[in-house]
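Morning, everyone. I have one structure to walk through today. Have a look at it first.

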Amino acid sequence: MITRMILTRLGVAVLTLLIVSVVVFVATNMLPGDVAQIVLGQAATPEAVAGLRKAMHLDQPAVFRYIIWLGGMMTGNPGTSLVNDIPIVTLIGGRLHNTLLLAGVTAAFSVPIALALGITAAMWRNTLYDRLVSFATIAVVSVPEFMVATIAVLIFAVRLHWFPALSFANDVHSLGELLRVFAMPVISLSFVVSAQMIRMTRAALIDTLGQPFVEMATLKGAGRVRAVLTHALPNAIGPIVNAVALSLSYLLGGVIIVETIFNYPGIAKLMVDGVATRDMPLIQTCAMIFCLGYLALVTVADICAILANPRLRYK
Amino acid sequence: MTKHTDTIPETRRRMLGAGSLTISVVGAMCFCIILFWVVIALIGPWLAPYPIGKIVSMDVFTSPSRDYLLGTDYLGRDMMSRIILGARYTVGVSIAAAFIACTIGVALGMISAVLGGWFDTIVSRGIDALIAIPHLMFGLVIIAAIGSSLPVLVGTLAFLYFPGSFRIARALAVNINELDFVQVAKARGEGFFYTVREEILPNMIGPVLADFGLRFVFIVLLLSGLSFLGLGVQPPNADWGALVRENVSGLAYGAPAVIMPSLAIASLTISVNLAIDNLPRRLRDRLP
């Protein structure tokens, strides 16, 4: 039963990825202009343009081009950049690693803090502490990511002089330097991701606190801390893991802004630069990587919810 | 029996009365701020003290002074004029996009819910897939493909946010569709569009309006993000996100030219969020 549900969920994810790939392909091929002409420039001879059109399969129907494109994506061969003829795999290689590192450090940093804040806010619900946390998270959720980053720079770099403001060094020699370089991007991203995570964790726990078995524990004399930690928390693990995975998907939007602000050499910065030069194959590939990451997180969230539902476990 | 029916409204009134006074003050303040920005967006050109592109001062990144109430930007242009005129783009584009997104989403959601069957299945599955597209990333793809102009921005933002609106509208309409008065309307032979327009829509208008506000906030944030990346509203015009981008070099000095447009965005989005939170419960909740 539970295996079948998870397999179905994975099947839905694959199907979704296919539909998303169609949407990305259609969106990037909407422009009526001739890509071959754009690549070769105004001075190209008609023969050269015709040759390139053939090489790029532009003379074939769109469905055929989509299948070739999808095949290339799936076999790890998304083509070469239109701007500098470097294979896209080479361009992305190291940068994907940088972005994953940034995302990983942010997650390792923000998940424990967010969980602690969310759980304590639910534990001391309706106190001044809870209100402060709730207001702060609403404020962070309602402002753009770049504003969170600029405020972080104002506080930590301009006022406190703890970290360099808007520079990113490519050659990092020591652990200390690594920390300084990572600090501002990680702090900014953590704020963006944690705010959502705190809100959802608090909501999930409060939901469980309203259940009859928690009331029963309280009636039997358990204090508020004990009722939350030993009775409510174990039963809220599922929704909380779900909330964590969903909040981490906010990394994908945040990372685009943060990498641009701090000039961080990751895949999101590569994509934003690709938009400026209209390097379509590069943009398509980055877009598919982003969609894959997002889908993976959402699917993990759903599977956690399935696994954590005890009613399904014993059927 | 009469006693029973009498007491319910009274307890409810008392429950609302206890908390509603303080709540409505916050809500009213938020509505005032929202109204303020909408009015500024409408009458901006008559309010701005200087033309939008005019360099009025030799000093860049100045602090507020009597001539330039919000200081000057990185070229020495008047910041207050630029923020007033930027309101047109941030508020105008976002309202237009949110309106289109909600209209399409709600219409499609209601049709899906009432028709049901294979139409509902296909539309719902397709839209589930669209929800799995990261918004900012897809904005980049569209702008890269067709370039940035106001119609493209409005269209892209509407496309990205109608799926969420569809989901909520469909969930609401599915519930209402099961209620007796809708079944009665169908049984007495009312047509499809009459049922949707006269029976279902009026009963979900509150939550739909609340959802419109939320979508407006998301769209303001995304538009600001795109403009901040230089892909939204193009120079010499600028929305608030673009104003932050232009002046980001003043960040190291804490110049008001960076802070003021950020505050403008925050005041608008936080107000809408808080206003929705403080709507009367009857209006906001999922079912009337």
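Let me start with a single residue. Asn126(A) is exposed, because its relative accessible area is 53% and the cut-off for exposed is over 50%. Keep in mind that this is a predicted model. Where does Asn126(A) sit? It is found in the chain A loop between α5, residues 88–123, and α6, residues 128–142. Asn126(A) is not a glycine, yet its phi is positive, about 65 degrees.

Chain A has another asparagine to show you. Asn263(A) also has a positive phi without being a glycine, here about 55 degrees. This one is placed in the loop between α11, residues 250–261, and α12, residues 267–277, of chain A. Is Asn263(A) exposed or partly exposed? Its relative accessible area is 46%, so Asn263(A) counts as partly exposed, between the 20% and 50% limits.

Now to the interface. How many residues of chain B are in contact with chain A? There are 37 from chain B, and they meet 37 from chain A. For chain B and chain A, the buried area is about 3300 Å². Carbon and sulfur atoms give 86% of that.

What about charges and polar pairs? By class, the side of chain B that touches chain A has 28 nonpolar residues, eight polar and one charged. As for elements, α3 (117–131), α4 (135–146), α8 (205–228), α9 (240–246) and α10 of chain B each supply at least two residues of that side.

Stay with α10 for my last stop. Thr269(B) is found in this helix, which covers residues 256–277 of chain B. Is Thr269(B) buried or exposed? It is buried, because its relative accessibility is 1% and the limit is under 20%. What does Thr269(B) touch, leaving out residues up to four places away in sequence? From chain A, it touches Ser142(A) and Val143(A).

How values were computed: Residues are numbered from 1 along each chain as its sequence is written. Chains are lettered from A and ligands numbered from 1 in the order in which they are written. This is a predicted model: local features need pLDDT of at least 70, side-chain atom pairs count only at pLDDT 80 or more; totals for chains, interfaces and linings use all residues. Side-chain values use heavy atoms; hydrogens and water are left out. Helices (H or I, at least four residues) and strands (E, at least two) are DSSP runs, numbered from the N terminus. Buried means under 20% relative accessible area, exposed over 50%, partly exposed in between (1.4 Å probe, protein chains only). Contact means heavy atoms within 4.5 Å. Buried area is the accessible area (1.4 Å probe) that two parts lose on being put together, summed over both. Ala, Val, Leu, Ile, Met, Phe, Trp, Tyr, Cys and Pro count as nonpolar, Asp, Glu, Lys and Arg as charged, and the others, Gly among them, as polar.
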